[in-house]
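These are my notebook entries on a single chain and its ligands. I record what I looked up, in the order in which I took up each topic.

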Amino acid sequence: MIHQYKNNGYNIVLDVNSGAIHVVDDVTYDMIAEYENTPKEQVIENAAAKYPSIPRDEIGEAYDEITTLKEEKALFTPDEYEGRVIDYTKRPTVVKAMCLNVAHACNLSCKYCFADEGLYFGKKAELMSFEVGKQALDFLIASSGNRVNLEVDFFGGEPTLNFDVVKQLVAYGRSREAESGKKFRFTFTTNGVLLDDDIMEFANREMDNVVLSIDGRKEIHDMMRPRHDGGPTYDTIVPKYQKFAAMREEAGKQYYVRGTYTRNNLDFAKDILHMADLGFHEISIEPVVAPPEEDYALKTEDIPVLEEQYDILAKEMVARYKTDKEFTFFHFMIDLEGGPCVYKRLSGCGSGTEYVSVIPNGDIFPCHQFVGKPDFKIGNVFTGIDRQDIVTEFKGCNVYTREKCRSCFAKFYCSGGCSANAYNFTGNVRGVYDVGCALEKKRVECAIMIKAAQAAKDAQEA
Ligand code: SF4
Ligand code: SF4
Ligand code: SF4
């Protein structure tokens, strides 16, 4: 399977199954489109008619180069993964990442919050106790098989509302590393309101990554991420994030500012560039996932406008490459050299199998987006997994069990999409969320174009 497209002046051909990417001239691009279904003489004839200024022998040579690429398994490569995916699903379940919802409470009322605007479905605020968190870490160690590196994300609600427990859990995790042979990689995600020097210093020392939530321009951020009384938060958090990001960069540690865009900012490229201009170098922004009746929910008719925004962003990132204004955009960071491992390429995030979420009472869910859906409770850290059927269902989610993914050019980068989105929009974790797919495909196209443009720029400078 191949995928051909034109972007920012580049003719790009992706050989889906090998992952090979070719940037070609117009005549080769057109001949590749016909190569598999048209006799050689006809392909050359068509090219000669369309490009009369190009000598016929050059066209013939271009045709032969396509043949060579095919022989070298860099074009029209057959799919060799499908048979192997069944073996992967038979492997024992190993949990290697955990989202710890240490606070089912929040000091904000974000409009799109999957935790009911931070109110947790009308239930009273709940903080995770140290005992539950400790048991969760023990559960993770016990469920992680031979896996050495374990990821733990302190999440909420808002984890700074329960930061003493976060500190205790980090200390507990570290205390178990040597004897268990494990290494914890801690992350925390915050809305920034309660960030202070103490939290920043602790996080800088102990956290491998921090995720700082911000939606972009002040008017957009304050509209979507207000306090409970409707008050703004942008001016409170931005100076703290700038200080924190600078600390992280100086310490050589990861962070990213992460936002959500909605129908209120269909021109979201401006929000990303705004964050870059605030001095942030690692940026992510995601399309909102919202019920269609919400006025800020994305609609199918918005897709062309959103695709254009990714194009605008990609071009700007090419222009900023190797300048002091360069930044990374999470969704354009695809690995074109074949990684991560095959299983991850086929199955994605690992929710419900390799990755789970634990809430303050110790209940386990397939991931943070399934929290609050009782049908998806798979167990409790004190009693273990008792819904193996759900785990098996998630284990079977891959690019070959979702019909639309099988024929999708982006399948090995997207890995079959997000099961939570699929469930929210189709009622089935093996469904496919069409708006999300369109945007994912666009992001993959842009990411490949950026790599091509950067390679061209590097070659020019060499
Ligand atoms: S900060 Fe997070 S948990 Fe709090 S309301 Fe906003 S999205 Fe929800
Ligand atoms: S973009 Fe959509 S169809 Fe393609 S692999 Fe991802 S979820 Fe599947
Ligand atoms: S199912 Fe979706 S929301 Fe949950 S971890 Fe996977 S990608 Fe993230």
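The model I am reading is a predicted one.

**Entry 1: R263**

I began with R263, which I found in the loop between strand 10 (256-261) and helix 10 (269-277). I then asked which residues R263 is in contact with, leaving aside its neighbours within four places in sequence. I noted D295, Y296, A297, L298 and D302. Is R263 buried, exposed or partly exposed? I counted 15 other C-beta atoms within 10 Å, so R263 is partly exposed; the buried class would require 20 or more. I also took a C-alpha separation from R263 to F76, and it came to 39 Å for two residues 187 apart along the chain.

**Entry 2: the chain as a whole**

Along its principal axes, I find that the C-alpha trace spans about 75 × 50 × 45 Å. I record that 40% of the 462 residues count as buried. For contacts between residues at least 6 apart in sequence, I note that 67% join residues at least 24 apart.

I turned next to the sheets. Strands of a sheet pair through backbone hydrogen bonds, either parallel or antiparallel. I traced an open sheet of three strands in the order 1-2-3, with antiparallel pairing. Its edge strands are strand 1 (2-7) and strand 3 (21-24), each of which pairs on one side only. Ignoring direction, I find neighbouring strands of this sheet turned by 25 degrees against each other on average. I also see helix 17 packed on the sheet, where it touches strand 1, strand 2 and strand 3, and its direction makes about 115 degrees with that of strand 2.

I then went through the pairs. Strand 1 and strand 2 are antiparallel and share six bridges, and among the residues involved K6 has N11 in strand 2 as its bridge partner. The hairpin of these two strands has two residues between them, and I noted a positive phi near 55 degrees at N8. Strand 2 (residues 10-15) runs antiparallel to strand 3 and is joined to it by four bridges. On this side I find I12 opposite V23, and L14 with I21 as its bridge partner. The hairpin of strand 2 and strand 3 has five residues between the strands, with G19 in the turn at a positive phi of about 80 degrees.

M98 has V356 in strand 13 as its bridge partner.

**Entry 3: ligand 2**

Which residues come nearest among the 14 around ligand 2? I recorded C405, C408, C414, G417 and C437. The elements that give two or more residues to this shell are helix 14 (403-406), helix 15 (411-414) and helix 17 (434-461). Helix 17 gives the most, with three residues. By class, I count seven nonpolar, two polar and five charged residues in the shell around ligand 2.

**Entry 4: ligand 3**

Around ligand 3 I listed C349, S351, Y355, C367, Q369, C418, S419 and A420. By class, this shell has five nonpolar and three polar residues, and no charged ones.

**Entry 5: G416**

Is G416 buried or exposed? It has 26 C-beta neighbours inside 10 Å and therefore counts as buried. Its C-alpha atom is separated by 29 Å from that of L273, 143 residues away along the chain.

Definitions and conventions. Residues numbered from 1 in each chain as written. Chains lettered and ligands numbered in written order. Predicted model: local features only at pLDDT ≥ 70, side-chain atom pairs only at ≥ 80, totals over all residues. Near = placed C-beta within 6 Å. Nonpolar A, V, L, I, M, F, W, Y, C, P; charged D, E, K, R; others polar. Pairing = 2+ DSSP bridges. Axes fitted to C-alpha atoms, helices over the stretch in contact; angles between N-to-C directions. Contact = placed C-beta atoms within 7 Å. Buried ≥ 20, exposed ≤ 12 C-beta atoms within 10 Å, placed from the backbone.
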